[in-house]
Amino acid sequence: MNLDELYQEVILDHYKRPRGAGLREPYEGESHQVNPTCGDEITLRVHVEDGKVADVSYDNVGCSISKASASVMYELINGTTVNDALAKLAEFTELMNSKGQSEGDEDSLEDAVAFAGVSKYPMRVKCALLGWMAFKDALVRAEASIPGRTDA
Amino acid sequence: MEAASKLDVEAVRADFPILQRRIGDKTLAYLDSAATSQKPVQVVEAMRRFTEHSNANISRSVHTLGAEATVAYEGARARVAEFIGAGNPSEVVFTKNSTEAINLMAYAFQNAVFDPSADSRFKLGPGDEVVVTEMEHHANLIPWQQLCLRTGATLKWIGITDAGRLELENLNEVITERTKVISFVHVANLLGTVNPTSQITARAREVGALVGLDASQSVPHMPVDVTELGVDFIAFTGHKMLGPTGIGVLWAKADLLDAMPPFLTGGSMIETVSMERTTFAKAPAKFEAGTPPIAEAVGLAAAIDYLDKLGMENIRAHEKDLAAYMLEQLESVDGLEIIGPRVPIGRSATVSFTFADIHPHDVGQILDAEGIAVRVGHHCAKPTCERFGVNATTRASGYVYNTHEEIDRLVEALGQVRKVFG
């Protein structure tokens, strides 16, 4: 097993210095997700403004993979349009389900391609997706709470 | 090995081909037997022989194979009864695992709600109490918790001391005249605590409550005699005692099984059936609806033969030595904190710990890269984790085939973990 592939420097860096961590106001949607196999948890809030992800804030406990993944996600989607964020979500989910067969598109996924190695470890894929699942759920809740939004 | 242990561990290891496996370029060090044990060739061979030579459904066919299969299945039941000191093989009910065995008990109470003629020992409602402990595996918590939620009874529990032992000081306040049933863990799967039983069983008798044990982590590791223990029921599982998955055991006193309504219904558990109603077979058949795990029963009997040959007292001594060595070595690791008893007394060779601020998932991954298999997570004991203020732990657990050398490798590999995450 090649551990360097799993624990890439960029992952350890995000783990040790998570970007955008902490829960902030304002927000329209909040989601709490747990990984029942290991007890990892995340609470994540989404603030949507003018069709954009104006803020993603989160508080989590968990392993290096789940914490780093949330941090990378923050960098990737904070400030983008909701549609772009959803596209990144789809692309990252596909990468995680690739069972080690995909390297990921660095132009699009940036630091998140570091998680390509994780896709070889079925037990860890859930860790990498936990924050993204929280974002997806929080976004649904945010959209439900914003009247008049039709373009999602 | 120390002189105290009479196990020839090298000879034992030769019976487990999987221990020769390599993980990457490292030899496997399997320290996860509390999750599931490995199987010796004797168990695999017994199941293969049965499947190739005698496979048939039991208790219904008149042909030779059917008769052989029935004899093998019922022989396994008798073997289990003898192993745990049960008075009668018909007190042994085969289930899927411990979880199903405990649910079978809990559902006896729940189903009694709908039966006006049900035995009063199983009548449960508001004002009645059910007692467990804070150190239960979810398998011996959730069935009782849900039972209480559905019947209006109150769930109470015996707490845990800082040292990882049961809080027995206030036992008389937890177990009262209102208590109908107490179900507690014999050996805790996360903490490794071996719980003393006599004080709780004595108190149960005093208040007229039924009392049972989750013996999943005790029957594989030490002599367990249900008559000596003086309990009403115990549950354990085959795959943690060198046997196959898919088979577990509920042992309960005959008069209790007779009084209990069935759990699962269907084939093989009936006396007569009409379109309107059914009368049930006597125990144990009453609780074994459908085709049971037949080859698995054969495998379980072979596992018991294997354990008996080693000697349960010898196994206990070997694991006491492993526990002492594991505690001593792990305590020497800087930043490592044991969750559970720190002395090898009243303790199994299952040791949970936290390591600096490094998440157990990460610890387990690095250890795996070194060929060392441990369990990480909450070990299906979230309330225990909560009690000790941790989200998860890393857990190493030993059995008949484990050596000091494997523990040395574990300690050394923790240095590697430190390097990556330090």
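This short talk describes a predicted model with chains A and B, beginning with chain A.

Residues are numbered from 1 along each chain as its sequence is written, while chains are lettered from A and ligands numbered from 1 in the order in which they are written. In this predicted model, local features need pLDDT of at least 70 and side-chain atom pairs count only at pLDDT 80 or more, whereas totals for chains, interfaces and linings use all residues.

Let us turn to chain A. Six helices and three strands make up its elements; here helices (H or I, at least four residues) and strands (E, at least two) are DSSP runs, numbered from the N terminus. Read from the N terminus on, the order in chain A is α-α-β-β-β-α-α-α-α. The radius of gyration of chain A, taken over C-alpha atoms, is 15 Å, close to the 15 Å that the globule rule gives for 152 residues, so chain A is as compact as a globular protein of that length. That rule is 2.2 Å times the number of residues to the power 0.38. Along the principal axes, the C-alpha atoms of chain A fill a box of roughly 50 × 30 × 25 Å.

What share of the 152 residues of chain A counts as buried? The share is 43%. A residue is buried if 20 or more other C-beta atoms lie within 10 Å of its own, exposed if 12 or fewer, and partly exposed in between, with C-beta atoms placed from the backbone.

Next comes the sheet. Chain A has an open sheet of three strands in the order β1-β2-β3, with antiparallel pairing; two strands pair if DSSP finds at least two bridges between them. In chain A, β1 (29-35) and β3 (52-61) stand at the edges with a single partner strand each, so one side of each is left without a neighbour in the sheet. On average, neighbouring strands of this sheet are turned by 20° against each other, direction ignored. Strand β2 (residues 40-49) of chain A pairs with β3(A) over nine bridges in the antiparallel sense, and A:H47 has A:D55 in β3(A) as its bridge partner.

Which helices pack on this sheet? Helix α3 (residues 64-77) of chain A touches β2 and β3 of chain A, and its direction makes about 170° with that of β3(A). Helix α6 (residues 122-145) of chain A touches β1, β2 and β3 of chain A, and its direction makes about 155° with that of β1(A). Axes are lines fitted to C-alpha atoms, for helices over the stretch in contact, and angles run from 0 to 180 degrees between N-to-C directions. Two residues are in contact if their C-beta atoms, placed from the backbone, lie within 7 Å.

Chain A also meets chain B: the contact takes twelve residues from chain A and 15 residues from chain B.

I now move to chain B. An automatic or database domain assignment divides chain B into domain 1 (9-30 + 311-421) and domain 2 (45-308). Their centres, taken over C-alpha atoms, are separated by 29 Å. The contact between these domains of chain B takes 22 residues from domain 1 and 22 residues from domain 2. On the domain 1 side, the largest share, five residues, comes from α11(B).

Finally, consider one residue. B:L410 is found in helix α14 (residues 404-421) of chain B. Is B:L410 buried or exposed? B:L410 is buried, with 22 other C-beta atoms within 10 Å. Not counting residues up to four places away in sequence, B:L410 touches B:A29, B:L31, B:I372 and B:A396.
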